[in-house]
Structure formats: structure tokens, C-alpha cells
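Let us walk through this protein one piece at a time. Keep the sequence and the model side by side as you read.

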Amino acid sequence: VKPNLYTAEPVCPDGQLQCGNGECISKSFFCDKKPDCSDGSDENACTVDEDPNRAEICDKSVCVLPNCFCSPDGTVAPGVDGGKLEINNIPQMITLTFAGAVNGDNINVYNKLFHPERVNPNGCTARATFFV
């Protein structure tokens, strides 16, 4: 059963969406990996195209360098289309956040993430910067 996400007229209060069985629940409960609708339909429309909590599609007229760059599928980067750069030579940056200090309880997580054998597709090792 799929939820009723698109209706001509609103059927639920603001901030809520309709389950397949007609009940309304908070939009934030959709696609959170636990069924909140009694029919479970809030977890049945969670693809990249269906998820009601997905990120908005990047608007290239608003998103301009240096503050923003659109690449819907992640295969385009600034400078590549002009032939100045090759996509496989562009560094990758991923932000990970952890609550709390590095200590004996979580150091193994850091060691698994940041070891010399872990490399990205470009062959670069993973690095970390810690802010205290």
C-alpha cells in the first residue's frame, strides 16, 4: 500500500501527509525506517524520486559558484566541462560528525575509518581534521 502523497486539495493539516489508509501523520515520520502509519505505507514510497523528505532538486539559476554547485548524479564538477580537470582527479570531501570526545569507548570507530589501507576511488587515503 502506498501513501496518498499528492492530492488536488490538502487532506491533512500543515506538516502532515496522508497514509494509504487515510490517516494523517507528520511528514517527518515518512521514510524513517519504522512504520508509523497503521498500514505501514509511510515506508513504502522511499525511493529517491518518491521520498517526501528528499532534498530539493538543485536549481542551477540559484546555485552558483563559489557558494554552490549542482550535480544531480554526482558525476559533474566545476572545471570538468571546460577540460581543465578530470573527474577522477578531484578530491572527495565527506563530513562526519560525532557527538562527544574521542575516548577509549569509540577510538576503534576512528581507527576503522581512518587507516592507511582505506582509499577512495582516486587512490587517496582518508584523512581527518578534528576540532576541539
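**A walk through the model**

Gln18 sits in strand S1, residues 16-18. Strands here are DSSP runs of E with at least two residues, helices are runs of H or I with at least four, and both are numbered from the N terminus. This is a predicted model, where local features need pLDDT of at least 70, side-chain atom pairs count only at pLDDT 80 or more, and totals for chains, interfaces and linings use all residues. Residues are numbered from 1 along each chain as its sequence is written, and side-chain values use heavy atoms, with hydrogens and water left out.

Is Gln18 buried or exposed? Gln18 counts as buried because its relative accessible area is 13%. The cut-offs are these: buried is under 20% relative accessible area, exposed is over 50%, and partly exposed is in between (1.4 Å probe, protein chains only). The side chain of Gln18 makes a polar contact with the side chain of Asn4 at 2.5 Å. A polar atom of that Gln18 side chain also lies 3.3 Å from the backbone oxygen of Gly22. A polar contact is a pair of N or O atoms within 3.5 Å; within protein, one must be able to donate a hydrogen and the other to accept it, and residues adjacent in sequence count only if both atoms are side-chain atoms. Leaving aside neighbours within four places in sequence, Gln18 is in contact with several residues, including Pro3, Val11, Cys24 and Phe30. Contact means heavy atoms within 4.5 Å.

Now step back to the whole chain. Of its 132 residues, 17% count as buried. Take the contacts between residues at least 6 apart in sequence: 21% of them join residues at least 24 apart.

Next comes the loop between S2 and H1. Cys31 is found there. Cys31 counts as buried because its relative accessibility is 19%. Its phi is near 60 degrees, a positive value in a residue other than glycine. Most residues other than glycine have a negative phi. Lys33 lies in this loop too, and its phi is near 70 degrees, also positive. Lys33 is exposed because its relative accessible area is 79%.

Asp51 is also placed in the loop between S2 and H1. Leaving aside neighbours within four places in sequence, Asp51 is in contact with Cys31, Ala45 and Cys46. Its side chain reaches the backbone nitrogen of Asn53 at 2.7 Å. Asp51 is buried yet has no salt bridge; Arg54, the nearest side chain of opposite charge, is 6.1 Å away. Lys and Arg count as positive and Asp and Glu as negative, while His and the chain ends are not counted.

A salt bridge is a side-chain nitrogen of Lys or Arg within 4 Å of a carboxyl oxygen of Asp or Glu. How many salt bridges are there by this rule? The count is one. Glu50 and Lys2 form a salt bridge through their side chains, at 3.1 Å from N to O. This pair links distant parts of the chain: Glu50 is in the loop between S2 and H1, Lys2 is in the segment before S1, and they are 48 residues apart. Glu50 is partly exposed because its relative accessibility is 26%. Lys2 is partly exposed as well, with a relative accessible area of 47%.
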